[in-house]
Amino acid sequence: MIRILSRYIILFVLTLLVLAAMSFSLAYLFPGDVLTNLTGITAQNDIQRNALIKQFRLDSGYLVQFGYYLNELFAGNWGYSFISGLPLRDEIGLALPATIELASYAMLLAIVIGIPVGCYAGLRSYTPADYGINSASMVGYSFPVFWLALLFILVFSLELNIVPLSGRISLLFDIPDKTGFILLDILLADNIDRSLAFKDALQHLLLPTLAISTITTASMIRLTRRSVIDVLNRPYIAAARSRGLSRWQIFFRHILRNALLPILPLMAIQITTLITNAMIVETLFSWPGIGNWLIQAIYQRDYPALRVGMLAVASMVITLTILIDLFNRLIDPSREKYERATV
Amino acid sequence: MNSLPVLLICLATLVGISACSKQKKDGFYQTGIMYCSESNPVNFNPQLDTSATTSDATSHQIYDRLLDFDPDSGTIVPSLATSWSVSDDGLTYTFQLRREVAFHTTDYFTPQRTFNADDVIFSINRWRLPQHPYHQVSGGRYPYFESLGLAENIREVNRINGYRIEILLTQRDSSFLANLATDFSVILSQEYADKLMEDGAPQRLDHYPIGTGPFQFESYRKDHYIRYRAHHNYWGQTEFAERLIYDITPKSSLRLAKLITGECDAIAFPAQTELDIIRNREELELAEKPGLNVGFWAFNTQRPPFDNPNVRRALAYAIDKNTLLEAVYFDSATRARNLLPAASWAYQNDAEDTAYNPVMARKLLKEAGVEAGFTMTIWAMPIERAYNPNAAKMAELIQGYLADVGVNVTIVTYDWTTFRRHLREGLHDSVLIGWSADNGDPDNFFRPLLSCGAIPSGTNRAMWCNKKYDALINEALQTEDLFQRKAIYEQVNSLLFKELPIVPIAHAFRYQAFRKELKGMQINPYGGVRFGGVTKQL
């Protein structure tokens with residue numbers, strides 16, 4: 001176990017190091033002044049400029065510079081945004097939780113809907129109900145997420161006018177940013193009508209969450225169904241039947257547990273898709289998350305922001321993937337490699 | 001949708017939520033106004049910036065001025081000054097100040113005293129005196145006052161007593177009161193400034209504002225929002241909302257969408273192409289008023305053959321203004337006869353105008369010795385403004401008209417900064433551009449656009465200098481009598497018609513789109529949007 005753990009840690013550290021090196025090299029690859037790209041500060045005069053060059057070791061070799069860069073990254077000095085002039089760490093600290101929140105609700109929704117429906121389809125395999133679910137999930141899986149989001153906006157916001165189309169909550173509510181997660185922040189906020197704020201936030205959440213979770217739900221259904229069908233054909237199910245266990249006992253004790261095990265690693269892969277989709281959908285719903293923030297940075301050529309934003313998003317995705325992988329190992333130590341399942 | 005159960009769950013949630021949104025009509029949502037603005041303000045002090053975004057966000061919300069414009073008649077009305085008098089020589093202005101006017105109490109400042117003469121003196125001296133301790137804070141540029149040379153013309157600002165001040169001018173200037181009523185002449189708190197200076201953070205004055213206006217600043221997040229709360233001790237009698245929120249939404253289509261869903265109660269700058277959508281929806285309202293602006297075609301009068309008034313006249317005859325209005329402004333503008341729009345008190349409704357007459361144009365060109373095949377440039381400004389929403393298209397249309405009279409046109413454009421720099425250098429033959437005035441006074445059109453003094457500062461696009469013109473507009477400032485001034489401006493108009501350094505094309509309307517629930521919303525033609533007096537009734 002310790003060997004596995006250390007292997008993961010080494011893998012993790014190496015990947016992050018490569019990412020950091022890439023983000024560092026961006027300061028040189030982006031057009032414009034290296035110093036400005038690195039710090040986000042445009043030096044007003046030569047004195048300031050020289051001081052910054054000295055501070056960031058730009059007069060030494062690349063390795064020394066990179067070492068200092070890493071040091072700054074760990075210390076939390078990520079530089080400043082060109083456009084707003086604010087520390088990038090604060091900006092990302094506000095934007096990233098918003099994306100994570102959206103993605104986690106979508107994941108939750110996908111699990112809550114996808115697994116039961118998938119089980120149902122698997123148990124009723126090759127019946128009309130199964131065919132129906134199967135084709136519906138295929139349709140859901142094939143929708144491009146941005147198109148679905150636009151369709152939702154058009155129908156539910158602009159035509160029916162029942163849900164708002166932008167933001168996390170009506171700006172009339174002044175919710176202080178404590179955790180960055182809107183629903184938690186509402187619980188922590190005082191001086192507001194919490195139930196009204198909650199209702200408002202849920203209305204804002206509804207469409208983006210649905211739009212993102214559609215694809216994930218669809219693949220969840222298909223994965224679960226496939227896995228359940230596989231398990232059903234195993235001899236131990238026949239044995240359990242012959243022992244006279246009831247249908248529910250068989251389902252919960254034997255089918256569900258054994259069917260879920262192989263699909264856990266596949267959920268890990270879903271998470272990265274989910275976050276990518278969340279970043280796309282954010283821009284359509286003006287959700288103040290990292291995707292929206294990066295798009296603004298691209299429009300405004302905010303190189304320091306792009307550099308750190310890329311690093312933050314990539315680190316998050318890698319951390320999540322490795323954690324989930326580790327988790328899979330823990331619950332099923334017998335497994336050597338991923339089982340690549342069919343979707 | 002993935003499957004039947006998903007669909008059912010969605011439907012159930014949506015039904016649930018639509019039930020909720022009916023309750024939305026209740027109390028809480030009525031207490032605040034959401035305004036979707038187009039961009040971030042540069043700071044929270046309009047003395048430092050002339051952009052409309054900054055003054056929209058500050059002038060009439062956070063601050064008051066000594067005087068105000070009445071939005072309907074354009075006359076000057078009391079605000080923080082309850083009354084004023086002007087000496088016979090027009091050089092001494094005395095203002096009686098309002099008593100018991102409270103400054104904002106916020107979590108970063110608690111005022112110990114009410115408004116008095118010291119605040120006025122501080123606010124004016126800040127931009128007037130280069131040696132003032134606050135002059136250099138935040139850059140030391142005060143573009144509005146600089147462009148009018150106001151600082152040089154004020155000799156002294158004196159305190160007579162706590163509620164009476166006196167301003168002495170060097171030269172008579174009958175547009176002086178109007179300048180004090182513009183969005184830029186706001187009154188700051190001297191007590192707050194002193195405290196900040198003591199704390200060593202003077203630049204906070206322009207970012208954490210304290211004023212006397214109907215709303216007080218609460219918080220600002222760039223690219224997201226500005227929050228204001230009602231100032232309960234506001235001196236005015238008007239009703240206003242408990243909260244005011246600027247939702248910063250740069251995309252005009254998104255602003256419109258949010259207006260339709262009710263996420264915004266009012267939006268800034270609806271696009272010309274979206275106006276019909278707003279007009280056709282029952283729950284939305286579109287107020288329109290002729291704006292204080294003019295879009296024009298200016299000739300570089302320092303370059304031959306445009307130094308010849310007859311050539312300019314010929315070119316003016318060659319174009320059909322009405323077609324330009326339809327094709328470029330989509331009927332969101334009125335035809336301009338001269339510089340002043342109808343919203344100005346000095347508007348002359350019987351002013352002469354050039355008519356479309358290509359035959360006459362050809363004849364005049366021939367007489368002036370301009371051969372067929374002559375080539376000139378038309379510079380088209382690269383950005384959209386109300387007074388010219390699409391200069392490139394207008395340039396193409398004019399290119400077509402001039403081809404009919406035997407003149408070849410090359411259209412030139414650069415990015416906005418370079419464009420203006422080259423214009424100042426006079427590299428153009430002619431340019432399509434315009435002007436938005438900052439106050440209702442006609443001098444705000446005539447002086448920056450065509451006076452000799454405006455050539456170096458770069459607002460005189462025609463590079464036209466005429467002694468008689470300058471004498472006339474100076475003479476107009478020597479009298480307070482509006483009829484007399486109007487008579488002088490009529491002479492100015494006929495001089496301009498004779499000389500035609502520029503061809504006025506259009507005065508664009510100003511639009512304000514808002515939801516029916518907002519009561520008391522109106523366009524302020526003399527500056528930024530106002531939310532004092534606006535309430536929301538769901």
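Trainee: What pattern does chain A follow, read along the sequence?
Mentor: It runs α-α-α-α-α-α-α-α-α-α-α-α-α. The count for chain A is 13 helices and zero strands. Helices here are DSSP runs of H or I with at least four residues, strands are runs of E with at least two, and both are numbered from the N terminus.

Trainee: Before I go on, what kind of model is this?
Mentor: This is a predicted model, where local features need pLDDT of at least 70 and side-chain atom pairs count only at pLDDT 80 or more, while totals for chains, interfaces and linings use all residues. Residues are numbered from 1 along each chain as its sequence is written, and chains are lettered from A and ligands numbered from 1 in the order in which they are written.

Trainee: OK, what box do the C-alpha atoms of chain A fill?
Mentor: Roughly 85 × 55 × 35 Å, taken along the principal axes. Of its 343 residues, 37% count as buried. A residue is buried if 20 or more other C-beta atoms lie within 10 Å of its own, exposed if 12 or fewer, and partly exposed in between, with C-beta atoms placed from the backbone.

Trainee: How do α5(A) and α13(A) pack?
Mentor: α5 (residues 88-123) and α13 (residues 303-331) of chain A pack at about 45°, with axes 11 Å apart. That makes α5(A) oblique to α13(A). Axes are lines fitted to C-alpha atoms, for helices over the stretch in contact, and angles run from 0 to 180 degrees between N-to-C directions. Under 35 degrees is roughly parallel, over 145 roughly antiparallel, 65 to 115 roughly perpendicular, and the rest oblique.

Trainee: And which residues in α5(A) meet α13(A)?
Mentor: A:Leu88, A:Ile92 and A:Leu96 do, and on the α13(A) side the partners include A:Pro304, A:Val308 and A:Met316. Contact means that C-beta atoms, placed from the backbone, lie within 7 Å. Nonpolar covers Ala, Val, Leu, Ile, Met, Phe, Trp, Tyr, Cys and Pro; charged is Asp, Glu, Lys and Arg; the others, Gly among them, are polar.

Trainee: What about α6(A) and α9(A), left-handed or right-handed crossing?
Mentor: Left-handed. A crossing gets that name if the near helix is turned anticlockwise from the far one by less than a right angle, and right-handed if clockwise. α6 (residues 128-142) and α9 (residues 194-232) of chain A pack at about 145°, with their axes 8 Å apart. Their contact divides into five nonpolar, five polar and one charged residues.

Trainee: Switching to chain B: how many of its residues are in the contact with chain A?
Mentor: Chain B gives 30 residues and chain A gives 31. On the chain B side, α1(B) gives the most, with nine residues. That side has 15 nonpolar, eight polar and seven charged residues.

Trainee: Which domains does chain B have?
Mentor: Domain 1 (1-38 + 214-283 + 516-538), domain 2 (41-211) and domain 3 (293-510). The bounds come from an automatic or database domain assignment. The centres of domain 1 and domain 3 of chain B, over C-alpha atoms, are 39 Å apart. Their contact takes five residues from domain 1 and seven from domain 3.

Trainee: Last one: is B:Gln216 buried or exposed?
Mentor: B:Gln216 is buried, because 25 other C-beta atoms lie within 10 Å. B:Gln216 is in strand β8 (residues 215-221) of chain B. Leaving out residues up to four places away in sequence, B:Gln216 touches B:Ile62, B:His104 and B:Tyr228, among others.

Notes. Two residues are in contact if their C-beta atoms, placed from the backbone, lie within 7 Å.
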